[in-house]
Amino acid sequence: MEVKIKSMKHEDFKDNEYIDNLVEQLRAGGTNIIVGKLDQLMNWGVSNSLWPLCFGTSCCAIEFMCLGAARYDMARYGFEVARNSPRQADYIMCQGTINYRMAPALKRLYEQMAEPKYVIACGSCTVSGGPFKNSYCVVKGVDEIIPVDVYLPGCPPRPEAFFYALMQLQRKIKVQKYFGGVNRKEKLELKYDGQALQEETK
Amino acid sequence: MFDFGIVTKWLDDLLNSVMPGWLTTTIECVLVAVGLLVAYSLIAMFYIFYERKVCGWIQCRLGPMRVGKWGLLQVFADVIKILQKELITLWNTDKFLFKLAPYLVLIASMLTFACLPWGKGLQIVDMNIGVFFIVAVSSIGVLGILLAGWASNSKYTLIGAMRSGAQMISYELSCGISILTIVCLAGTMSITGIVEAQADGWFLFKGHLPAILAFIIYMIAANAENNRGPFDLPEAEHELTAGYHTEYSGIHFGFFYLAEYLNLFIVSGIATLLFLGGWMPLHIPGWEGFNNVMDYIPSVVWFLGKAFFITFIFFWIRWSFPRVRIDQMLALEWRYLMPIGLVNLVVMAIIVTQGWYFGA
Amino acid sequence: MAEIENKITQLCPQAQVDTTGEFPLVTVDDAQWHDLARALKTQMHYDVLSAVVGMDWTEALGCVYYLTNTSTHELLHVKVATTDRQNPRLHSVVDLWPVANFQEREVYDFFGIVFIGHPDMRRMFLRTDWVGYPLRKDYDPASNPLRLEDETNEDYTCRWVEDENGKVKKIDGKVFEDDEYVINVGPQHPSTHGVMRYRASLDGEIVKKIDVVSGYIHRGIEKICEDLTYPQMLLYTERMDYMAAHINRHCMCMCVEKALGIEVPHRAELIRLMMDELMRLSSHLLSYGCLTMDQGATTAFFYGFRERELIYDIFDRTCGARMSMSYSCIGGVVADVHEDFIKDVRHACDVIEKNLAEYHKLFTGNVIAVNRMTGVGLLSKQDAIDYDITGPSGRASGWHCDVRKTNPYSLYNEFDFDEVVYENGDSMDRYMVRMKEMEQCIKILRQACDKLEAEGVQGEYCAPKVPKVMKLPVGHWYQQVEASRGAFGVYIESDGGTKPVRVHFQSPCFNLIGVVDLTCRDNMIADLITITASLDFVIPDIDR
């Protein structure tokens, strides 16, 4: 199955391999038709109504404002309902450097959000620490604190790049499984993966 | 003009002829409830879409475009999203009240919604104190908001709730007084009666200056009662993050969200009924041909069209005006709107007793 | 200069005055420092404490104080040091210049120097459980790993007091009383413009006291710069006040050029100046947008951003980036402007000038806006000078503090423009200063367009002889410019190598947080938002 995004061709995206693998993995065991359709409906809803949490620490936040403003207008995608309360937001777009003082606050914000929740690491500071990697108090990438779904490099990224990241997130959401639909074979695989992961970390 | 009463009467007779009376009543109640719920959710969803498009237009943007044609399916996506969102329960809160609050807000708006006559004969109950009932039930909503703010056990929500308490109770007065002015002119509290009385001219045009003044006061007070900008202090995004509903997630937040938009429809609807002739078509004395054409447009369309127009004005105000401060807001009500409204009521009473209004 | 030297030696015979540098340098012992400071302020009109630079000279710890004379706009710097590395102590000057409150706290945070007589000696930027002092040369970064547990609130202040025998004693105090209703605003809050945090004590809706907690975006830029060469450092100047990215970079370039004695071509300086003004324009448009949005007028925000895109287009075409342009370099600019540059700038000027009238119609005259801003958040001229509030916020209080006028740099001497000064010092005036300043920006840009046109399409955009390896001579340099939010200063101390010993950025927004408590006290919560929006600070500029 191919993940479709309106007016973007499959080959316009860069890391198709990753998404294709993901789809293959998820669909390996086959899906019940009813459950599958329900899943699709859910994913269609979630992917088209991503409300961001206003969370900007530095320059990237200004470009994010430009994204909402007239020229780029993320309202076209239905993403403009920026919520200030983490309880009502769907994804956290981490814009700007996170330092040691901010890290617990960011973690808490993430935990305050309601499931399903997603994270976009936006700007090189959040991806890896960026130019501040050598600092004594900067977190070297937010993935040390919270799980990240999409990485968006740039210092700061252009609004077009923001859209690209958001569409990538939509693609990821569109292959999600809500109602399970996992058959026994796949469950075993997952279990095995989990064990392997544990062994690796050991 | 087509009377929907014929349809409902025919249905009633049909059911009565094949089954006992109690069953008829039950079936009718269920039908009404289902119709009401569907209309409620559709109107609320339409309003969310409407606001997003209008505010996009005001701000030189496009608004939702990509989900469905012209973004028509955007709100459906939002609804699906919000339905499956996790409901977060908090520690150290009054869980019962916390969960009760959104339903209270919803029930209040639904009760008020049920009273609106949509067209000629298209109405659930025509109470002889219809206006009074509307004013009474619509004020249950403030209880829900107060409970939401209190039960969340957070300082922001509490400030939001206290603000909304002060605000909604204050503006209830102005709202009531301006409605009373029109009741005075119409001489009845029945909503159908008020609408029928406007057959030969809408009250806005009929009642001289007092009616226009009452209309302006009503618009300001209704805006404030709805917690919409420039009176959106209880939510005041930039002061209190999200005000009284800061801690609500998922569909509980969705209820507040829906109720807010539906309340907007309700106040626009009431303004339509009281000042713009409800479902009455636009008639200009002397233009017979024009009036006949107007009569062909169904009454439902008239009602909705007028309500949407009033809502458009609300949107326009909301997106252009800065927010007032709490003390300024209370001063506006108690120092200006209420005294003016009271004097206005007296003037209206004099006009009515002397028969000075048009079409007397 | 000789006059100043004489006067200072009269006031304090122990002080050594060195007049060989750009500004007079006074070296004084800690014992005489406070008396000298009082004399400098009361008798010689050094009313403004521009910067306090904490220093670690390995053998000694200390501070360099930059003082500005309000009548002549001359700078003077004073060096005070202590050799005690275990318990370094200096005397505080908070009682003379209130701005020193946060400045000295910053020095304490970075160097561990305790200021005797300072009312509130807490950490400023770093976590409360931070170990060590990061800007000291012997600091070990491994001592502070990433900790994910929440830090505790610092509810206790402490102050060191000296009795008449010279014995220093520590006294604890409380930030808030037990029965106060304290709400927490930030760090993630929609109208703190970033990650600022206030703890506000409320009485109903009225704010009684505000405790500013900063440091949620502190990135240690000053320390990072110590490991970099001079051209590499330029990058970081743009990441502080990103709304004045080019202006900050310009300042840093000028400081290094001054030290190396590089002559910048006229054309390069003109291009830089135009970029500065465009940046200022875009910054003021943003502050208009944010101020209106914080008060709930969302549409005005979108209008402000609509015009900013025009300016971004010019940046984009000139150097390929929209915000952090990296356009200035030491010796000039990286590349010449493109052929349509002048046309684009003129077009942007025309459009923005036309739309400014619309902004006023939409927001300025609105009765709610007038009521919300007039008389709210008063800052007197004296307070503005005491707290060193420069830029539009200072000029709204009636203080003539525009560096472009007082100490003209670059080519500002050649331009005809007015310094916008208002008298009342309330939020309305701060807003109006910005609106009027945009008109002045346009005026400057139009003149600059004419000048650039006269120079032809292409020209010399960078100095021909810029050394590949830059080694600044031993000594220290200081350069101030007028950034979009006030006077921005760069301090560089060099030991003759390719890397600096110490770099300090004096940021305009840092001083602004000093007056948040002062201006917001006894106003309402809603006013807190208005006032902070009208002060218009950029948080990374505060925290650096």
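Domain bounds, as used here, come from an automatic or database domain assignment. On that basis chain C is divided into domain 1, covering 2-158, and domain 2, covering 221-538. The model is predicted, and every value below is computed from it.

**Domains of chain C**

Taken over C-alpha atoms, the centres of domain 1 of chain C and domain 2 of chain C are separated by 27 Å. Their contact takes 18 residues from domain 1 of chain C and 19 residues from domain 2 of chain C. On the side of domain 1 that touches domain 2, strand S3 (48-56) and helix H3 (100-111) of chain C each supply at least two residues, and S3(C) gives the most, with six residues. By class, this side of domain 1 of chain C has 12 nonpolar, five polar and one charged residues.

**An open sheet in chain C**

Three strands of chain C form an open sheet in the order S10-S11-S12, with antiparallel pairing. Strand S10 (181-185) and strand S12 (206-213) of chain C stand at the edges with a single partner strand each, so one side of each is left without a neighbour in the sheet. From one strand to the next, the twist averages 25 degrees. S10(C) runs antiparallel to strand S11 (residues 197-203) of chain C, and five bridges join the two; in S11(C), C:Ser201 is the bridge partner of C:Val182.

Helix H8(C) and helix H9 (residues 341-364) of chain C pack with their axes 10 Å apart and at an angle of about 170 degrees. Since angles over 145 degrees count as roughly antiparallel, that angle makes H8(C) roughly antiparallel to H9(C). Residues of H8(C) that make the contact include C:Tyr303, C:Leu310, C:Ile311 and C:Ile314, and those of H9(C) include C:Val345, C:Ala348, C:Val351 and C:Ile352. By class, the contact of H8(C) with H9(C) has 13 nonpolar, two polar and three charged residues.

In chain B, the axes of helix H2 (residues 21-58) and helix H14 (residues 299-320) come within 10 Å and cross at roughly 50 degrees. H2(B) and H14(B) are therefore oblique to each other, and their crossing is right-handed. H2(B) makes the contact through B:Glu51, B:Val54, B:Cys55 and B:Ile58, and H14(B) through B:Phe312, B:Phe315, B:Trp316 and B:Trp319. The residues of this contact of H2(B) with H14(B) divide into seven nonpolar, no polar and one charged.

**Contacts between chains**

The contact between chain C and chain B takes 24 residues from chain C and 21 residues from chain B. On the side of chain C that touches chain B, the elements that give two or more residues are helix H7 (266-294), helix H8 (298-319), helix H10 (367-373) and helix H17 (525-535) of chain C. The residues of that side of chain C divide into 11 nonpolar, nine polar and four charged.

Between chain A and chain C, the contact takes 39 residues from chain A and 37 residues from chain C. Helix H3 (59-68) and helix H4 (103-112) of chain A each supply at least two residues of the side of chain A that touches chain C, and the largest share of that side, six residues, comes from H3(A). The residues of the side of chain A that touches chain C divide into 24 nonpolar, nine polar and six charged.

**Backbone details**

| Peptide bond | Form | Omega |
|---|---|---|
| A:Glu115 to A:Pro116 | cis | near -10 degrees |
| A:Cys155 to A:Pro156 | cis | near -15 degrees |

A:Pro116 is found in the loop between H4 and strand S3 (118-122) of chain A, where H4(A) is one of the helices that supply residues to the side touching chain C. A:Pro156 has its place in the loop between strand S4 (150-152) and helix H6 (159-174) of chain A.

In chain B, B:Asn153 has a positive phi of about 55 degrees although it is not a glycine. The residue B:Asn153 is found in the loop between helix H6 (141-151) and helix H7 (155-186) of chain B.

How values were computed
Residues numbered from 1 in each chain as written. Chains lettered and ligands numbered in written order. Predicted model: local features only at pLDDT ≥ 70, side-chain atom pairs only at ≥ 80, totals over all residues. Axes fitted to C-alpha atoms, helices over the stretch in contact; angles between N-to-C directions. Helix = DSSP H or I, 4+ residues; strand = E, 2+ residues; numbered from the N terminus. Parallel < 35°, antiparallel > 145°, perpendicular 65-115°, else oblique. Left-handed = near helix turned anticlockwise from the far one by under 90°. Contact = placed C-beta atoms within 7 Å. Nonpolar A, V, L, I, M, F, W, Y, C, P; charged D, E, K, R; others polar. Pairing = 2+ DSSP bridges.
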